[in-house]
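I opened my notebook to look up a few spots in one structure. My entries follow below.

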Amino acid sequence: MTVEATFTMLAQQAETLSGTSLRNMFQEDPDRFAKFSARCDDLLLDYSKIKLDAKILELLLQVAREAEVDAKRTAMFSAGKINTTEHRAVLHTALRNQSTDPVLVDGEDVMPDIRAVLDAMADFSEAVRSGELTSSAGTAFTDVVNIGIGGSDLGPAMTTLALAPYHDGPELHYVSNVDGAHIADTLEKLDPASTLIIVASKTFTTVETMTNAQTARKWIADALGEEAVGAHFAAVSTALDKVGAFGIDATRIFGFWDWVGGRYSIWSAIGLPLMIAIGPDAFNEFLEGAYAMDVHFQDAPMEENLPVLMALIGIWHRNVLGYGARAVLPYDQRLARLPAYLQQLDMESNGKRVKLNGTLVDSNTGPLVWGEPGTNGQHAFYQLLHQGTTVIPCEFLIAARGHEDDLTHQHELLISNCLAQSEALMLGRTLDEAASQLSTAGFDEDEVALLAPHKVFPGDRPSLTLAYDELTPFALGRLIALYEHRVFVEGVIWGINSFDQWGVELGKELATALLPMVKGEAEPATKDASTRGLLTALQSASAN
Ligand code: F6P
């Protein structure tokens, strides 16, 4: 059967299923949870509240087989040059490889280099954490500022917050935006004499990062003298020559490789600030968690394989049911930055319109990914999730245990809210139920008629839940790797390259060309009327 034929059958199944509801499906099948859930150790994926049945799941698995997900997966893990537009292997998995197997890129084992960088990171982190490595003033570093953007910021920033209970190193700060407000507000609170700056950039050319790095350099030099700069800077990059030219000492430069995509780089030296925060041992547990998911992804049968199942649910929603977005809703305040992290991982990877062979795709690709932690989101945008006209599949994340032993009651509240939301989305509330609730509450007949339609919840809205014991470094590593592999499988099915990001280029080129016009050093004559009008308005307002 062709993929097209399988999708035709999936569309027919969707039609058949439209006559029933998730509520009915749960009533009719008491084993639904057992049938539509899967595990990787303590990590549980409950997808029983996704509106599909065994026949649909089988057809989706057929799609995965027809797209040759297994062969493409092997190609990725074995350093095939699957990033075809950049002629690169895609090997973030090698960075967390805990086996003794070599990983060959162009015939050379990359594992010794990976381990050497990890060792150097561990030595540097320990020296910073212990105070053995001192500032120019001879004192321990109390604060570390990571300057980077995109993959050189979101991964370390998200994970540092997520693993706050394990944070026993210096304070970490993250500066990414070229908006001077970001670095000004950050540095204002800090003492240059006890601050270490890490400049993190894969390419070491990114305007935002280079600009902020120069601002930080000046801040140190102005306060402590030019000769102090070296003691206060370290760098992470694949472009070692460019870092050297910036003036950072070779012993403080941590490298990685072109086969690590920016949004997949948290496992590389880009993770240095996280390692400084939580220490090398906990960082290693983080890598081990990702490795556990790599093993699961490679070994678990498709129908029990968490990344494959989540990807197939994504395909079902995007390509058969036509849903354009998905919400990531961590019931975990420390995962507050996870939606932003996943936005880059997912949307920069799969926001593509051209297939590997350069022809236009014939189906929709990556959805809009967004979200906020629960319970905050409940008091903001959940109204639309429950009663709006757009169906947005939701992904809930919840730990069985929090880290706050003295606040277990609050964690119980968190769990009950998380489960209540997925239940409400699935179940909804009928007009009869709404009316009877109002009558019971004492409303008269007219009021009941007026209010009841507003209290109807259509229900039948899909959600999945990821539950895990506790948000440890291991659990977090496993979770991120799960999402990485999900993005990979979806990209394979769409036939796109999930590992380039040409879509960010045009804006960068135009910004470079516009800067002299903003400064008034060049005429915007060739620009469109809107751009000229905005420029004039901003320039005259700033002159006043
Ligand atoms: O926005 C494009 C991008 O290249 C991302 O893919 C990357 O994570 C980010 O910019 C930062 O790039 P770099 O690490 O090279 O500074």
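Entry: I looked up Thr375 and found it in the loop between β11 (368–370) and α15 (382–387). Helices (H or I, at least four residues) and strands (E, at least two) are DSSP runs, numbered from the N terminus. A cis peptide bond joins Gly374 to Thr375, with omega at about 10°.

**Entry: ground rules.** This is a predicted model, where local features need pLDDT of at least 70 and side-chain atom pairs count only at pLDDT 80 or more, while totals for chains, interfaces and linings use all residues. Residues are numbered from 1 along each chain as its sequence is written, and side-chain values use heavy atoms, with hydrogens and water left out.

**Entry: a positive phi.** I then checked Glu68, in the loop between α4 (54–66) and α5 (69–77). Glu68 is not a glycine, yet its phi is positive, about 55°. I noted the background: most residues other than glycine have a negative phi, and most peptide bonds are trans.

**Entry: the ligand.** How many residues surround the ligand? I found 13, and the closest are Ser152, Ser201, Lys202, Thr203 and Thr206.

Next I looked up polar contacts, which are pairs of N or O atoms within 3.5 Å. A ligand oxygen is 2.6 Å from a side-chain N or O atom of Ser201. For Lys202, a polar backbone atom is 2.7 Å from a ligand oxygen. For Thr206, the distance from a side-chain N or O atom to a ligand oxygen is 2.5 Å.

**Entry: a salt bridge.** I searched the whole structure and found 23 salt bridges (a side-chain nitrogen of Lys or Arg within 4 Å of a carboxyl oxygen of Asp or Glu). Arg478 forms one with Asp42, and their closest N and O atoms are 2.9 Å apart. The pair links distant parts of the chain, 436 residues apart. Arg478 is in helix α19 (residues 473–494), while Asp42 is in the loop between β1 (37–40) and β2 (43–46).

Note on methods:
A residue is near a molecule or strand if one of its heavy atoms lies within 4 Å of it. A polar contact is a pair of N or O atoms within 3.5 Å; within protein, one must be able to donate a hydrogen and the other to accept it, and residues adjacent in sequence count only if both atoms are side-chain atoms.
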